[in-house]
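Trainee: I would like to check the labels used for this model against their cut-offs. Can we take them one at a time?

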Amino acid sequence: MFARIKKFPLVRAFYKLPGFVWFYHFLWAWSSAALYGYPSRHIFVIGVTGTKGKTTVIELLSAILEAAGKKTAILSSLRMKIAENSEKNRSGNTMPGRFYIQRFLRRAIKAGCNYALVEVTSQGVALNRHRFINWNMGVLTNLHPEHIESHGSFEKYRKAKLRFLRYVTARRGKIFLNKEDESAKFFSDRLIVFNPTLYSRKSDEVLHAMPSDLQLRGAIDEHAFVWSDFNRDNAAAAIAVALKLGIDIKTIAQALQNFRGVPGRMEFIRRGGITAVVDYAHTPQSLEAVYKTLRAINSKSETLNSKLICVLGSAGGGRDKWKRPEMGKITAEYCDEIILTSEDPYDENPAEIAKEIEAEFLDVPNSKFQTPNSYRTILDRREAINKAVDLARGGDTVVITGIGSQEFMHFASGKRIPWNERKIVEDALARKR
C-alpha cells in the first residue's frame, strides 16, 4: 500500500511527518470497526500472540471448542475459517489490515460462531490492527528474537507484544502466559495487577488432559500428532484457555486425542521406509526444536545409524539476517547431511544467503561440515528436495524447513511462483520407490 502511496510527492511529504503512519493505520482500524458496527462486541474474541506456536494453539483450541459443541471462526497465517467453511489465508499477512479483520468478525457472527480465534502479530500491533476489537482473552505462547529489522530492536519487538496484552487488559480481558518460557517474568511483572494465568506443560491439569500415549508417535503413523515439548507447550495454552471457559477435562482430552496436526507444521510423509517432514520452522529456536524432536524419533527407530538429512534456507528481503549464522550452527550440530537452498529470497541473492548460513559451520565442535565438499548448496529448492530424498535410505529422515504450507515462493521485483512443498516431497518419494 505505502509503496504505491510514496510515488506521489504530496502524499510522500505527509508520510514523512512524525506520527503519520501511526495515525493512518489508527484511522483505518477505527473506520473499519465503525463500518461493520463494532462486531467484536457480539462475539467472544481470543487473540494468540508469540514468536512461534500461534497457529497450532489456535487449531488445538478450535478442536477443543468444537468438541464441546461450540462454533468457531479462525483467522491465522494458515487459513480463514468461519464455522464449517475454510479457505487459505491468501492476504499475504498473518494479521491482515484495513477492513479484513472487522469483516471477518462480522461474517463469524452471521454464521452463528461463538468464538473468534485470531493470530496477533507484533507488526500488526505496530500498525494498530489490534485496536477497536474487544479482546476477551490474550494468549502469549513464547518470545524469541524475530522481526528485529522491522521493529528496530528486540526490546521494541517485545514491547509490541506487551502493548497488545495491555490492550486486552484495558478491555477487562484475561491474559495467559507460558510459565516455561523465559519471557514469562518480564510480562508477568508488568501485568501482575491483572492477575495473569500462568500455564505450563508440567501442570497437573495438562498432564491429565494430554493423551495417555506421550511417545513421539509420528515415528509410527504419519497422521499422528507429534507430542514434542513445544507442542505440549501449545497444548498447555489451549488447555488453560479451555478450562477457564468451563470446558471439562474429559472433552479436552478427547479433542487432543483426535487432533491430527496442522499442515506444514511437523507434517510427516512416510513412503518405503523413508520419513520426510515438512515444517515451517524459520527461527533458530524453532529449528532446534524440530531437529531435537526428529533426533529423538530416530533414536527409537529399529534401523541402525539412521540419518537426519536437512534442507533449509533463510528468507531474504532484509528479514532478520542475524539469525542465518545461528541457524547454520544449529544445523551443523544436529544434521548428518545438509543441503542449503532458496527460501523466499525476495530481492537478495540466494547464494549470498546460503553463505551467511554456512559461515558458522566451522565453529561447531567436532562438526563434519568443515569443508565446502562436506555439504551441498542447491539453490533450486525443488532440485534440493529431490536430492535429499535421493540421498535417503530406509530409516532416514528428510526434513525440509522454512516454507511449510505456503502456496507461493517469493522472488525479486514482486515475482512469485506457486508452491506446494508436500506435493513436491510426495512426488520425489514416489519416484524413488
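Trainee: What makes Glu421 buried or exposed?

Mentor: This is a predicted model, and the labels follow from its computed values. Glu421 has a relative accessible area of 1%. Buried means under 20%, so Glu421 is buried.

Trainee: Which label does Arg381 get, buried or exposed?

Mentor: Its relative accessible area is 3%. That too is under 20%, so Arg381 is buried.

Trainee: How do you know that Arg381 and Glu421 meet in a salt bridge?

Mentor: The N to O distance between their side chains is 2.9 Å. The rule asks for a Lys or Arg side-chain nitrogen within 4 Å of a carboxyl oxygen of Asp or Glu, so the pair counts. Arg381 lies in helix H16 and Glu421 in helix H17, 40 residues apart, and the pair links distant parts of the chain.

Trainee: Which residues make the contact of H16 with H17?

Mentor: From H16 they are Arg381, Arg382, Ile385, Asn386, Val389 and Asp390. H17 brings Glu421, Ile424, Val425, Ala428, Leu429, Arg431 and Lys432. By class, six are nonpolar, one is polar and six are charged.

Trainee: What makes H8 oblique to H9?

Mentor: The axes of H8 (residues 154-170) and H9 (residues 184-191) cross at roughly 40° and come within 11 Å. That angle falls between the limit of 35 degrees for roughly parallel and the 65 at which roughly perpendicular begins, so H8 is oblique to H9. This crossing is right-handed.

Trainee: Which residues of H8 and H9 meet?

Mentor: Arg158, Lys161, Leu162, Leu165 and Arg166 in H8 meet Phe186, Phe187, Arg190 and Leu191 in H9. Five of these contact residues are nonpolar, none is polar and four are charged.

Trainee: How do you know that Arg271 and Glu426 form a salt bridge?

Mentor: Their side chains meet at 3.7 Å, N to O, and the limit is 4 Å. Arg271 lies in strand E9 (residues 267-271) and Glu426 in helix H17, so the pair ties together parts that are 155 residues apart in sequence.

Trainee: What label do Arg271 and Glu426 get for accessibility?

Mentor: Arg271 has a relative accessible area of 25%, and Glu426 has 22%. Partly exposed lies between the 20% limit for buried and the 50% limit for exposed, so Arg271 is partly exposed, and Glu426 is partly exposed as well.

Trainee: Which residues join Arg271 and Glu426 in one network?

Mentor: Glu267 and Arg422 do, through salt bridges that share partners.

Trainee: What separates Lys355 and Glu352 in helix H15?

Mentor: They are three residues apart in H15 (residues 350-358), and therefore about one helical turn. Lys355 has 48% relative accessibility and counts as partly exposed, as does Glu352 with 40%.

Trainee: How many salt bridges does this rule give?

Mentor: The count comes to 19.

Note on methods: Residues are numbered from 1 along each chain as its sequence is written. This is a predicted model: local features need pLDDT of at least 70, side-chain atom pairs count only at pLDDT 80 or more; totals for chains, interfaces and linings use all residues. Side-chain values use heavy atoms; hydrogens and water are left out. Contact means heavy atoms within 4.5 Å. Helices (H or I, at least four residues) and strands (E, at least two) are DSSP runs, numbered from the N terminus. Ala, Val, Leu, Ile, Met, Phe, Trp, Tyr, Cys and Pro count as nonpolar, Asp, Glu, Lys and Arg as charged, and the others, Gly among them, as polar. Axes are lines fitted to C-alpha atoms, for helices over the stretch in contact, and angles run from 0 to 180 degrees between N-to-C directions. Angles under 35 degrees count as roughly parallel, over 145 as roughly antiparallel, 65 to 115 as roughly perpendicular and the rest as oblique. A crossing is left-handed if the near helix is turned anticlockwise from the far one by less than a right angle, and right-handed if clockwise. Buried means under 20% relative accessible area, exposed over 50%, partly exposed in between (1.4 Å probe, protein chains only).
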